[in-house]
Amino acid sequence: MSGLSVFFLCLLLLGAGYVVYGRLAEKLFGVDYEKVMPCVSRADGVDYAPLPWWKIFLIQLLNIAGLGPVFGALAGCLFGPACLLWIVLGCIFAGALHDFYAALISARHDGENLPETIGRYLGKPALYALRCVCVLLLVLVGVVFTKGPAGMLHSLCPGISVTWWCVIILGYYFAATILPINTIIGRVYPLFGALFVVMALGLLIGLPLSDLPVLPNLDVMTNVHPKGIGIWPMIFVTIACGAISGFHATQSPLMVRCTRRPQEMRRIFYGAMICEGAVALIWACVGLTLRDTLTAYAMGPDGPVFGAGGGALSFMQLTLASPATAVTSACDTLMGGFGTVLAVLGVTILPITSGDTAMRSCRLMLADTLRLRQNTPLPRLAIALPLFAAVIIISQIDFSLLWRYFGWSNQALSCITLWMITVFLRRNGRCFWPALIPALFMTVVCTAYLLTTKDCGIELPSAVGTWAGIILASCAAALLLLRRQKQD
């Protein structure tokens with residue numbers, strides 16, 4: 001089978017996953033199609049405001065995507081074609097089900113945020129821990145997705161300093177955080193969503209039309225990472241968005257509160273994750289196809305420099321040095337000048353579409369914790385002002401140590417969410433195996449990553465970390481199965 005055939009087969013499998021497994025997941029959950037949704041029962045015109053499903057879909061897609069399925073997929077393709085298996089299987093059986101079920105459970109409890117839902121089903125200690133973890137995670141997302149785009153915008157417009165770009169971006173974040181959701185986010189996201197989709201479709205068309213052999217290497221069993229980093233468990237943490245990501249579950253309640261009918265939930269939440277998986281698949285295939293081709297960049301003292309001449313970097317080397325530059329190079333190669341414009345817009349705008357909703361979700365979580373209603377401006381300002389002050393302070397700190405654990409904490413959050421979903425399903429007499437199996441797998445992955453990787457500083461032998469994960473997952477499953485359940 002040719003590489004091009006494999007590429008389209010993977011896309012077909014993702015589509016089939018939405019149609020077949022998505023419908024099965026909906027049936028197994030037992031969706032109440034007569035339920036009055038939170039945007040009606042708790043309407044406030046601010047956070048609980050009905051929106052058309054297609055607009056919610058685009059907002060959800062950008063909330064969970066940003067640059068995750070782009071940079072993560074490019075980093076994952078350094079391991080080789082094995083990344084394609086993880087994107088397709090992980091997206092269908094873990095990530096999409098994770099997002100869909102987390103949203104359905106949130107809707108069951110009137111748009112409840114993730115920490116409260118986890119506390120409801122996993123106990124008070126989990127509630128308190130997850131409040132801290134989620135707020136920290138969202139604040140870090142806000143910080144990084146301020147400084148990153150600010151640096152990119154400064155390179156495009158050197159007349160405006162990075163500091164002033166940060167001020168401008170944070171000003172937008174603040175407005176998007178406190179204003180009613182349909183004032184800014186509901187209006188600009190469809191435009192950003194169109195940009196995201198056009199960039200992916202351009203690559204989808206340009207890849208088979210190029211003169212390059214698509215997916216020249218189809219050996220999924222061989223690790224070809226240039227630094228010799230092992231596939232297990234690194235690839236499952238490297239590719240989060242596009243396969244499964246705990247960050248998504250923090251964003252789902254934001255859109256649950258705007259959904260008008262339960263019948264729209266599958267297409268919005270399961271469908272958005274499948275689309276994100278398709279984008280990640282496209283970028284992984286781009287990376288695998290261009291891997292050994294030479295680019296027009298050479299390594300300068302401050303990073304890759306355009307116009308390399310004889311000192312050109314390979315696309316793999318460019319990806320290691322600067323993923324944003326690799327995105328620009330790929331779009332230029334496959335789509336020409338138009339692609340370059342899309343790439344520049346994408347790597348500057350797309351992170352902002354995750355940063356603004358991260359800060360809005362953080363406000364809502366803090367409001368739940370403090371039990372402050374958000375239907376008037378004053379309580380929103382009371383939370384947003386100190387929240388953004390914290391973002392400004394944290395942005396001045398070298399938090400590289402925290403980000404060493406960021407990838408792990410994101411996947412650990414997805415693991416905890418899957419366990420919460422499993423407990424919910426069992427408590428309500430539903431088939432819980434579709435959630436339990438990925439929960440077990442992600443428990444092993446997160447434990448092995450924490451105990452064996454250099455990033456986390458422990459570096460035990462791989463077998464030790466893996467067996468520790470298997471034992472922990474087995475104990476959790478035994479506790480779940482042996483514990484008496486009460487009806488929700």
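Helices here are DSSP runs of H or I with at least four residues, numbered from the N terminus. The structure shown in these views is a predicted model.

**Figure 1. Overall view of the predicted protein.** The fold contains 19 helices and two strands. Along the principal axes, the C-alpha atoms occupy a box of roughly 70 × 50 × 40 Å. The radius of gyration is 22 Å, which agrees with the value near 23 Å that a compact globule of 488 residues would have.

Figure 2. Phenylalanine 174 belongs to helix 8, which covers residues 162–178. Once neighbours within four places in sequence are set aside, the contacts of phenylalanine 174 are Leu381, Ala384, Leu385 and Phe388. Methionine 359 is 185 residues away from phenylalanine 174 in sequence, yet the C-alpha atoms of the two are 8.1 Å apart.

Figure 3. Empty space is located by rolling a probe the size of a water molecule over the atoms. Searching the whole structure gives two cavities of 30 Å³ or more. The largest cavity has a volume of about 40 Å³. Its lining consists of Ala102, Ser106, Glu112, Asn113, Leu114, Thr117, Ala249 and Pro253. At least two lining residues come from each of helix 5 (82–108), helix 6 (114–122) and helix 11 (247–256). By residue class, the lining of the largest cavity has four nonpolar, three polar and one charged.

**Figure 4. The second largest cavity and its lining.** The volume of the second largest cavity is about 30 Å³. Cys77, Leu78, Gly287, Arg291, Phe315, Met316 and Thr319 form its lining. Helix 13, residues 315–321, gives the largest share of this lining, with three residues. The lining of the second largest cavity is made up of four nonpolar, two polar and one charged residue.

**Figure 5. Packing of helix 11 against helix 12****.** A pair of packed helices is described by the angle between the axes and the distance between the axes. For helix 11 and helix 12 (residues 265–290), the angle is about 145° and the axes are 11 Å apart. The crossing of helix 11 past helix 12 is right-handed. On the helix 11 side the contact involves His248, Ser252, Met255 and Val256, and on the helix 12 side Met265, Phe269, Met273 and Glu276. Of these contact residues, five are nonpolar, two polar and one charged.

Figure 6. Most residues other than glycine have a negative phi, and most peptide bonds are trans. Aspartate 110 is not a glycine but has a positive phi of about 60°. Its position is in the loop that runs between helix 5 and helix 6. Proline 233 is located in helix 10, residues 231–238.

Technical notes:
Residues are numbered from 1 along each chain as its sequence is written. This is a predicted model: local features need pLDDT of at least 70, side-chain atom pairs count only at pLDDT 80 or more; totals for chains, interfaces and linings use all residues. Side-chain values use heavy atoms; hydrogens and water are left out. On a 1 Å grid over the protein atoms alone, a cavity is a set of points where a 1.4 Å probe fits but cannot get out, and a pocket is an open set with protein on both sides within 12 Å along at least five of seven lines; lining residues have an atom within 4 Å of a point. Grid points are joined across faces, edges and corners, and a volume is the space filled by probe spheres set on the points. Ala, Val, Leu, Ile, Met, Phe, Trp, Tyr, Cys and Pro count as nonpolar, Asp, Glu, Lys and Arg as charged, and the others, Gly among them, as polar. Axes are lines fitted to C-alpha atoms, for helices over the stretch in contact, and angles run from 0 to 180 degrees between N-to-C directions. A crossing is left-handed if the near helix is turned anticlockwise from the far one by less than a right angle, and right-handed if clockwise. Contact means heavy atoms within 4.5 Å. The radius of gyration is taken over C-alpha atoms; the globule rule is 2.2 Å times the number of residues to the power 0.38.
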